[in-house]
Amino acid sequence: MSVQRPVQDPPRKASMVGERRPLIDGVDKVRGRAEYTADFILPNALVGRIYRSPYSHAEVRNVDISEALKLPGVVAIITGDECDVPYGILPIAQNEYPIARDKVRYRGEPVAAVAAVDEATAEQALRLIRMDVNELPSYQDPRKARKADAVDLHDDRPGNLERDVHTEFGDVEAGLAKADIVRQASFDCAEVTHMHMEPHASLAEYDVDRDRITLRSVTQVPYYVHKRVAQCMGMEESQVRVIKPFIGGGFGARTETLNFEIITCLLARAARGTVRMKLSREETFLTHRGRPRTLIDMKIGMTTDGRITACDCKAEQVGGAYGGYGIITILYAGALLNAIYDIPAVKYDGYRIYANTPPCGAMRGHGTVDVRHAFESLVDQMAEELGLDPFEVRRRNFIKPPMRTINELVVNTYGLPDCMDWVEAESGWKERWGKLPAGKGLGMACSHYISGAAKPVHWTGEPHAVVNLKLDFDGGITVLTGAADIGQGSSTILAQVVGEVLGLDFDRLTVIANDSRITPKDNGSYSSRVTYMVGNAALEAAENLKTILVAAAARKLDATPEDIECLGEVYRVAGSQDHGIPYKDVVIEALTESGTITVKGTFTVPREFQGGKFRGAGVGPSMGYSYAATVVEVTVCEITGQVTVDKVWVAHDCGYALNPLSVEGQVQGGVWMGLGQALSEETRYHKGLPIGANILDYRVPTIVESPDIKVKIVESMDPNGPFGAKEASEAPLACMLPAVANAIHDAIGARIANTPLTPDRVLAANQKHQRSLSKSASKGAA
């Protein structure tokens with residue numbers, strides 16, 4: 001009796017990119033195994049607490065810690081005398097001390113810090129600290145801060161002006177003269193904060209014998225934190241180790257070194273031990289780094305057929321007490337007026353102003369959101385005046401890539417036309433816009449963003465991204481990256497990229513990110529750089545490892561490397577009928593004589609993508625720009641002014657969706673954050689004291705307010721992104737504000753320039769609009 005062998009399927013290579021893959025750290029998070037910074041409780045760790053200034057602006061005469069030091073259980077107390085080295089994210093704008101020294105510049109600024117044996121003792125010690133000050137005038141309003149007799153927050157910044165930017169590309173005066181209509185509008189966009197789920201925390205261990213410090217923190221930029229800790233502690237960088245545990249969100253709040261991170265390290269050294277610092281939600285608000293309040297004057301020229309002839313924009317950003325990212329933020333606001341529409345002339349005047357409020361910084365859509373709101377809102381207003389459909393106006397101003405903009409930005413792929421086509425069709429725009437019942441309306445807008453800044457914050461000449469792959473006897477591949485996964489799924493993307501090249505699934509791959517003793521340096525997670533830059537580095541590293549494995553398989557199969565086909569778990573001679581040799585055998589052959597294999601991949605943005613040579617040209621350039629279009633449907637209660645967003649249609653050009661599941665989540669997150677800024681979010685201050693510095697009073701949308709969000713992924717296949725990918729998170733945010741504002745106008749006929757679009761503002765605008773209609777009707781009757 002013969003035995004019939006089962007027919008074996010031919011070996012197939014695992015498909016990784018373009019697949020809806022769950023995030024590799026998802027199971028750890030939902031099962032509670034993920035360890036965040038505050039979860040690390042080390043033996044003998046002291047409790048760290050910060051004494052904060054009750055004054056918004058004052059000269060510090062003395063900080064008396066004598067009574068607090070007498071308290072049993074207090075191990076160490078430090079003041080501004082502990083560190084006389086200023087720090088900041090930008091080498092040219094380092095004007096903040098971890099602990100205030102001669103002056104406090106905002107209410108809540110750190111003045112002293114305590115390390116004690118328990119929380120109760122630390123809190124009691126804070127109550128015993130006393131400040132002696134000479135109080136100074138404080139300014140929360142930019143116009144008061146800029147008055148001639150205003151006291152300067154910083155001696156080297158007269159007039160409380162951190163940076164002014166003045167650029168003009170093309171002839172704006174001629175462009176406006178050529179226009180059939182020229183319209184100008186002013187906008188006031190409130191300051192907002194990130195509201196990440198995890199409050200700030202850090203854990204510092206000081207090794208007394210070796211004079212070394214190890215810091216665990218919530219940072220998005222471990223490399224920059226590493227440098228600033230060494231700088232402020234007067235240590236060699238090799239004496240510092242920075243570890244990034246799991247992070248519960250960032251959105252830009254953690255893209256620079258924050259004062260509590262350095263304070264925790266200074267405290268640990270003073271206490272000669274370990275200090276654990278957990279900030280309250282209010283303290284997290286005070287640390288801030290949110291989007292600055294922005295006052296915008298926007299002027300646009302347009303022909304009767306909807307062609308934009310020129311744009312003249314003035315923006316004033318209220319940046320808070322210190323420099324931070326301020327120079328970058330004010331430059332982004334002007335640079336990205338370009339690269340979305342074909343505008344022949346653009347003039348921009350930007351002013352970054354100091355005020356006695358917590359410092360602002362980077363926030364999702366860094367620098368671009370408020371100016372995009374102003375531009376899209378005014379374009380919508382002008383389209384209405386000309387009797388044109390808002391979609392058609394934008395179509396008449398499409399750019400035609402590949403192209404270089406008037407301010408030297410290179411655009412290779414442009415999926416905005418497809419994005420607009422989809423949201424227009426899916427929302428039923430042509431059939432429904434302007435025809436809905438009273439109180440209901442549709443609005444649209446477009447936006448874009450970079451896929452990583454072409455120039456790093458710290459220019460060292462090193463590659464912009466480095467990824468190492470380690471292959472050992474077990475056949476597992478460890479992806480070593482300094483890129484911080486902050487919940488956006490970057491580690492999953494890197495695993496998918498490596499797996500796609502090598503034909504391997506997740507069970508062969510492990511990602512380690514980030515430990516400065518183990519992983520290669522990376523600039524961090526900001527400006528949507530990780531997928532594009534670190535993804536390309538991972539792609540090169542995987543190709544390098546594949547070359548080694550193919551060579552090993554060729555030796556085993558007595559063939560040339562060119563003849564070898566890599567199918568992931570099997571390597572064989574291409575075209576042959578045999579089943580080849582298993583991946584594990586190839587690994588054993590590759591490790592023969594050499595042992596553990598480590599390969600490297602790097603990525604650096606080529607010079608032609610790094611921008612022009614004018615002042616400020618380094619901010620705005622990127623190798624790829626993502627695009628988004630949105631239609632929003634709202635219901636407005638004409639009695640209360642309450643706005644309800646009923647549905648959102650959003651299409652996003654991400655180049656290529658390496659993980660559609662992840663992309664959709666990122667787009668939805670951007671929509672949600674944009675809705676919060678549009679409708680309810682605003683940081684407010686009373687004499688410098690934050691009002692509503694908690695989750696209850698700072699109104700972020702909850703799942704109750706979340707509308708149905710319909711997402712379309714548009715794939716324009718960028719020629720330089722990994723497998724064609726671009727950024728997938730920030731572009732959809734900026735178009736939400738103007739889309740909602742335009743929808744409100746469609747619903748009630750009133751335009752509202754200031755954000756958030758709260759019920760009181762909507763009600764006031766509607767009442768003003770109704771009075772205007774009544775007057776017009778009365779004149780017509782007369």
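## Overall build

Of the 782 residues of the chain, 61% count as buried. Buried means under 20% relative accessible area, exposed means over 50%, and partly exposed lies in between (1.4 Å probe, protein chains only). This is a predicted model, in which local features need pLDDT of at least 70 and side-chain atom pairs count only at pLDDT 80 or more, while totals for chains, interfaces and linings use all residues. Residues are numbered from 1 along each chain as its sequence is written, and side-chain values use heavy atoms, with hydrogens and water left out.

The chain holds 20 helices and 30 strands. Both are DSSP runs numbered from the N terminus: helices are H or I with at least four residues, strands are E with at least two. The chain is as compact as a globular protein of its length, because its radius of gyration is 28 Å, close to the 28 Å that the globule rule gives for 782 residues. That radius is taken over C-alpha atoms, and the rule is 2.2 Å times the number of residues to the power 0.38. Along the principal axes, the C-alpha atoms fill a box of roughly 105 × 75 × 50 Å.

## Cis peptide bonds

Pro 401 and Pro 402 are joined by a cis peptide bond, with omega about -5°. Pro 402 sits in the loop between helix 11 (390-395) and strand 16 (403-404).

Another cis bond runs from Thr 755 to Pro 756, and its omega is near 5°. Pro 756 belongs to the loop between helix 19 (736-748) and helix 20.

## Positive phi angles

Asp 211 is not a glycine, yet its phi is positive, at about 55°. Its loop links strand 9 (201-207) and strand 10 (212-217). Asp 211 is partly exposed, with a relative accessible area of 29%.

Asp 558 is also a residue other than glycine with a positive phi, near 55°. Asp 558 lies in the loop between helix 15 (530-557) and strand 22 (564-566). Its relative accessibility is 73%, so Asp 558 counts as exposed.

## A positive surface patch

Lys 768, Arg 771, Lys 775 and Lys 779 form a patch of positive charge on the surface. Patch residues have over 30% relative accessible area and no salt bridge, and like charges are joined within 9 Å. A salt bridge is a side-chain nitrogen of Lys or Arg within 4 Å of a carboxyl oxygen of Asp or Glu.

Lys 768 is part of helix 20 (residues 759-781). Lys 768 is exposed, at a relative accessible area of 59%.

Terms used. Patches are made of residues with over 30% relative accessible area and no salt bridge: like charges are joined within 9 Å, nonpolar side chains (Val, Leu, Ile, Met, Phe, Trp, Tyr) within 5 Å. Accessible areas come from the Shrake-Rupley method with a 1.4 Å probe; for residues, only the protein chains shown count as cover. Lys and Arg count as positive and Asp and Glu as negative; His and the chain ends are not counted. The place of a charge is taken as NZ of Lys, CZ of Arg, CG of Asp or CD of Glu.
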